[in-house]
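Colleague: Before I use this model, I should like to go through it with you, point by point. Please show it first.

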Amino acid sequence: MICVGSRTRFLVVKAASKLNNMLYLKNEDIMSEKRVIKIMILFYSRFGNTAKMAEEIAYGAKEISGISVAMRRIADDVPMEVVSQNPAWSKVVEDLNDRYPTTPIENLVNELPQYAAIIFGSPTRFGNMAAPMKALWDGTSSLWVNGSLVGKVGAVFTSAASVHGGQESTAISMMFPMLHHGMIIVGVPYSVPELTESGSPYGPSRIVGMLANKEIEEADIKVARALGRRVAEIAGKLV
Ligand SMILES: Cc1cc2nc3c(=O)[nH]c(=O)nc-3n(C[C@H](O)[C@H](O)[C@H](O)COP(=O)(O)O)c2cc1C
């Protein structure tokens, strides 16, 4: 048995504790450097207005460090033969296809569980989410059975032609399936000053006019970015 004095014991313990701290800190640093929170922004957009909001939300989310954002677009239910009869519409769709190629619903469903947070966007259709977004949800039974989305952070956004065109009911319509899946829904708090000019506590929304060609406004952008940041921050705390 080796006997050491109390001074030596003290120094050994101190050195061991220092080493332990160094190792611990090092591990933690490595973890925080490598930890990436994955967010998917999943939207449907016929004329590009909801897509523009998705971009602003992504911009806000990326302001938070350690966040990666995947943009995913659901295909339209109108065939290209119909779209191509209207040159202006064709141009919009071609531009959307270039920037955001569509992903089949089946692939999206398989991909969803990889993300810590999912932000859903749909134009308002008679005060409700659009059919392609509903079709996505109707394809998620396997995820529901396995609880694959339980505890994931979720949020919603929408656009509509008119001032009170059903933005809030559309936002809430998208929350119903999210709640059934056990997602944790994040909205926009009134601490975001622009919320009195654009969007609602249920999520960002914008007014696009009857021709769906109104420019996005500064307040719309601020609220959209605020949601992106908030989802990113909350997902970072929960993961
Ligand atoms: C079938 C249909 C129903 C619509 N219902 C509404 C509505 O209830 N309220 C409203 O303000 N706009 C309504 N709109 C307008 C869309 O919300 C608007 O064109 C959309 O927000 C544009 O977004 P996008 O460019 O991403 O497609 C409707 C459009 C379509 C085609």
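**Confidence, ligand shell and core**

Modeller: This is a predicted model, and its chain averages a pLDDT of 91, with 86% of the residues scoring at least 70.

Colleague: Which element gives the most to the shell around the ligand?

Modeller: The ligand is surrounded by 19 residues, and the closest are Phe-47, Asn-49, Thr-50, Pro-123 and Gly-165. At least two residues each come from α2 (49–62), β3 (117–125) and β5 (153–160). The element that gives the most, with 3 residues, is β3.

Colleague: How far apart are the end C-alpha atoms of α2, and what span should its 14 residues have?

Modeller: The expected span takes 1.5 Å for each residue, counting one less than the number of residues. For the 14 residues of α2 this gives 20 Å, which agrees with the separation of its end C-alpha atoms, 20 Å.

Colleague: How many of the 14 residues of α2 are buried?

Modeller: A residue counts as buried if 20 or more other C-beta atoms lie within 10 Å of its own. In α2 the buried residues include Asn-49 and Thr-50, as well as Lys-52, Glu-56 and Ile-57. The helix α2 is largely enclosed by the rest of the structure, because the number of its 14 residues that are buried is 11.

Colleague: Which element gives the most to the largest nonpolar core?

Modeller: The largest nonpolar core has 48 residues, and those with the most contacts inside it are Ile-39, Ile-41, Ile-57, Ile-119 and Val-231. Elements that give two or more residues to this core include β1 (37–43), α2, β3 and α8 (167–180). The most, 8 residues, comes from α9.

Colleague: Which residues does Ile-119 touch, not counting residues up to four places away in sequence?

Modeller: Ile-119 is among the residues with the most contacts inside the largest nonpolar core. Its partners are Ile-39, Ile-41, Ile-57, Ala-155, Phe-157 and Val-231.

Colleague: Is Phe-126 buried or exposed?

Modeller: Phe-126 lies in the loop between β3 and β4 (128–129). Its phi is positive, about 50°, although Phe-126 is not a glycine. Most residues other than glycine have a negative phi. With 9 C-beta neighbours inside 10 Å, Phe-126 counts as exposed.

Colleague: What is the phi of Ala-212?

Modeller: Ala-212 is placed in the loop between β7 (205–207) and α9. Because 18 other C-beta atoms lie within 10 Å, Ala-212 is partly exposed. Its phi is positive in a residue other than glycine, near 55°.

Colleague: What distance separates the C-alpha atoms of Gly-151 and Leu-238?

Modeller: Gly-151 is in the loop between α7 (141–146) and β5, and with 12 C-beta neighbours inside 10 Å it counts as exposed. Leaving aside neighbours within four places in sequence, Gly-151 is in contact with Gly-182 and Ile-184. Gly-151 and Leu-238 are 87 residues apart along the chain, and their C-alpha atoms are separated by 8.7 Å.

Colleague: With which residues is Ser-169 in contact, leaving aside its neighbours within four places in sequence?

Modeller: Ser-169 belongs to helix α8 and counts as partly exposed, with 16 C-beta neighbours inside 10 Å. The residues in contact with Ser-169 are Gly-127 and Asn-128.

Conventions. Residues are numbered from 1 along each chain as its sequence is written. This is a predicted model: local features need pLDDT of at least 70, side-chain atom pairs count only at pLDDT 80 or more; totals for chains, interfaces and linings use all residues. A residue is near a molecule or strand if its C-beta atom, placed from the backbone, lies within 6 Å of it. Helices (H or I, at least four residues) and strands (E, at least two) are DSSP runs, numbered from the N terminus. A nonpolar core is a set of buried Ala, Val, Leu, Ile, Met, Phe, Trp, Tyr and Cys residues joined through C-beta atoms within 7 Å. Two residues are in contact if their C-beta atoms, placed from the backbone, lie within 7 Å. pLDDT is the predictor's confidence in each residue, from 0 to 100.
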